[in-house]
Amino acid sequence: MTSEATAGQIEDVYGQVHPVETPDLISRKRKEFDLELDKIPTADKVNVLKAQSQCPNLLTDDFILKFLRCEVFNADLAAKRYVKYWNKRVEIFGEDRAFKPLTLSGALKDDDVPFSLGVMTLLPSKDPSGRSIIVYDPSKLDKTKYDTPQSIVRTYWYVIHAALENRDCEKKGLIMIGDTQATKFRQFDRTVSKYLLASMQGAIPVRSSAFHLVKPPTFFHIIYGFLKVFMSERMRKRILLHSGSHEKTLKKLEEHYGLTADMLPTEIGGNLKVDHMGWLQQRREKGL
């Protein structure tokens with residue numbers, strides 16, 4: 001995606017361009033955002049209005065800046081994403097929790113069991129451009145451990161929002177690594193996958209830089225055939241497949257994308273040992 005803010009910028013390794021931010025650009029686009037939001041019919045932004053009434057403390061300039069950065073300062077697209085964000089947040093969290101802070105003791109306080117599965121984990125490492133890295137392991141999905149698809153998707157929202165606490169992730173994008181080598185076909189949850197795609201593509205203010213799919217299972221083409229119907233062309237281009245041995249995969253990730261073994265988890269041959277539950281406990285103690 002391009003905009004006036006990316007004019008003259010060179011594409012990076014993932015084919016993305018990044019604006020040179022200035023105080024003038026941010027100020028001007030912030031005003032344009034408000035104008036574009038005003039243009040959207042009231043009936044379409046009911047949940048935005050509820051957020052303005054029920055949780056105005058969450059709607060900071062920094063929060064709205066996430067949407068502008070996500071859409072490389074196309075104010076009209078940022079405003080539309082903002083509206084979709086609140087609609088999707090209400091759909092997934094319910095009105096009783098949607099307007100609470102996305103913390104483990106707030107909107108996520110009843111989701112300890114889905115969290116314990118560790119399906120989606122934020123790594124402590126960053127890629128060479130400072131992007132946050134999330135590992136997604138669908139082999140850990142256990143439908144007996146979550147009551148509704150929304151409950152597991154809420155944990156995804158939390159982890160992605162945690163990744164966005166990194167300013168470089170806001171600006172440059174997010175790297176996701178799919179560790180699918182142990183996944184069984186029965187673990188594929190269509191509803192969860194559709195929720196995640198809808199959240200990533202048009203709601204959560206995150207730029208998807210890449211989804212590195214490591215050792216895709218033999219039935220991947222069946223799942224992909226279903227999911228691609230719900231994917232934008234841009235999202236389809238972000239899916240990068242890596243087959244073969246761990247050594248071959250690690251070599252490719254390092255040579256082409258600068259992702260070294262020290263940045264990647266042991267499960268895919270890297271050197272990084274991840275303590276998902278320890279990370280959650282640390283965040284809980286900090287009130288996050």
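Predicted model: local features only at pLDDT ≥ 70, side-chain atom pairs only at ≥ 80, totals over all residues.
Q: Why is helix α4 called oblique to helix α7?
A: The axes of α4 (residues 75-93) and α7 (residues 149-163) meet at an angle of about 135° and lie 9 Å apart. Angles over 145 degrees count as roughly antiparallel and those from 65 to 115 as roughly perpendicular, while the rest, once angles under 35 are set aside as roughly parallel, are oblique. The angle of about 135° therefore makes α4 oblique to α7.

Q: What makes the contact between α4 and α7?
A: Helix α4 contributes Y85, K88, R89, E91, I92 and F93, and helix α7 contributes Q150, V153, R154, W157 and H161. Contact requires heavy atoms within 4.5 Å. By class, five of these residues are nonpolar, two are polar and four are charged.

Q: What makes up the lining of the largest pocket?
A: This pocket holds about 390 Å³ of space and is lined by 17 residues, with F63, K66, L102, H161 and E165 nearest its centre. Helices α3 (61-70), α4 and α7 each supply at least two residues of the lining. The lining divides into ten nonpolar, two polar and five charged residues.

Q: What makes a space a cavity and not a pocket?
A: In a cavity a 1.4 Å probe fits but cannot get out, whereas a pocket is an open set of points. The structure holds two cavities of 30 Å³ or more.

Q: What surrounds the largest cavity?
A: The largest cavity, with about 530 Å³ of space, is lined by 28 residues, and Y136, S193, L196, F211 and L227 are the closest to its centre. Strands β3 (174-179) and β4 (208-214) and helices α9 (190-202) and α10 (220-227) each supply at least two lining residues. Helix α9 gives the most, with five. The lining has 22 nonpolar, five polar and one charged residues.

Q: How do you know that the lining of the second largest cavity has no charged residues?
A: The lining consists of P114, F115, G118, V119, M120, I152, T155, Y156, V159 and H276. Only Asp, Glu, Lys and Arg count as charged, and the lining divides into seven nonpolar, three polar and no charged residues. This cavity holds about 50 Å³ of space, and α7 supplies the largest share of its lining, four residues.

Conventions: Residues numbered from 1 in each chain as written. Heavy atoms only, no water. Axes fitted to C-alpha atoms, helices over the stretch in contact; angles between N-to-C directions. 1 Å grid on protein atoms, 1.4 Å probe; cavity = no way out; pocket = protein on both sides within 12 Å on 5 of 7 lines; lining within 4 Å. Points joined across faces, edges and corners; volume = space filled by probe spheres on them.
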